[in-house]
Amino acid sequence: MTTPSLRPVVAIRIFATDASDRILLLRRANSKYGEGQWCLPGGKLDYGDTPEHTVGKELEEETALAAKNVEFLFYQNSPPTESSKMHCLNLYFRCAVEGAVTLNDESSEFVWLPLGQALAKEPVFGAMEAIRRLLGSPP
């Protein structure tokens, strides 16, 4: 019997910005990962899809917003930890948005915040480190 190979999951994380340059955070709901916690919009990259297309697809699925001017920022390796056995390679993107937020069942609420104030929500899935990086602060 062979052991299945373990592979990192490629995750797309989105700094969606409004006209006031605030970022969107979502409170997770109905999920075994991060239930009740804040996070950036995003999701897993599907086989055969492009990261840029996934930005628009995930943003629309989760919030009904349309992504505009999608820009790759950086990647972040998030190896497994004691609390999370998942290994993610996070690809961070920034985009402007159009439309009004309508949440799907993966989120219970949303908030638009200036980047520096988003840290107070303690967003999960590597977002704290990513926000600090954008702010030029140590991780």
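Helices, of at least four residues, and strands, of at least two, are DSSP runs that are numbered from the N terminus. In this predicted model, the protein chain holds three helices and seven strands, and reading from the N terminus the elements follow the order β-β-β-β-α-β-β-β-α-α.

Along its principal axes, the C-alpha trace spans about 55 × 35 × 30 Å.

The table gathers values for the chain as a whole.

| Property of the protein chain | Value |
|---|---|
| Accessible surface | about 8200 Å² |
| Carbon and sulfur share of the accessible surface | 51% |
| Buried share of the 139 residues | 38% |
| Distance between the mean positions of the positive and negative charges | 5 Å |

The charges behind the last entry are 14 positive and 18 negative.

One residue can be followed in detail. Thr17 belongs to strand E1, which covers residues 9-17. Because its relative accessibility is 10%, Thr17 counts as buried, the cut-off for this class being under 20%. When residues up to four places away in sequence are left aside, Thr17 touches Arg22, Ile23, Arg94, Cys95, Ala96, Val97 and Trp112.

How values were computed: Residues are numbered from 1 along each chain as its sequence is written. This is a predicted model: local features need pLDDT of at least 70, side-chain atom pairs count only at pLDDT 80 or more; totals for chains, interfaces and linings use all residues. Side-chain values use heavy atoms; hydrogens and water are left out. Buried means under 20% relative accessible area, exposed over 50%, partly exposed in between (1.4 Å probe, protein chains only). Contact means heavy atoms within 4.5 Å. Accessible areas come from the Shrake-Rupley method with a 1.4 Å probe; for residues, only the protein chains shown count as cover. Lys and Arg count as positive and Asp and Glu as negative; His and the chain ends are not counted. The place of a charge is taken as NZ of Lys, CZ of Arg, CG of Asp or CD of Glu.
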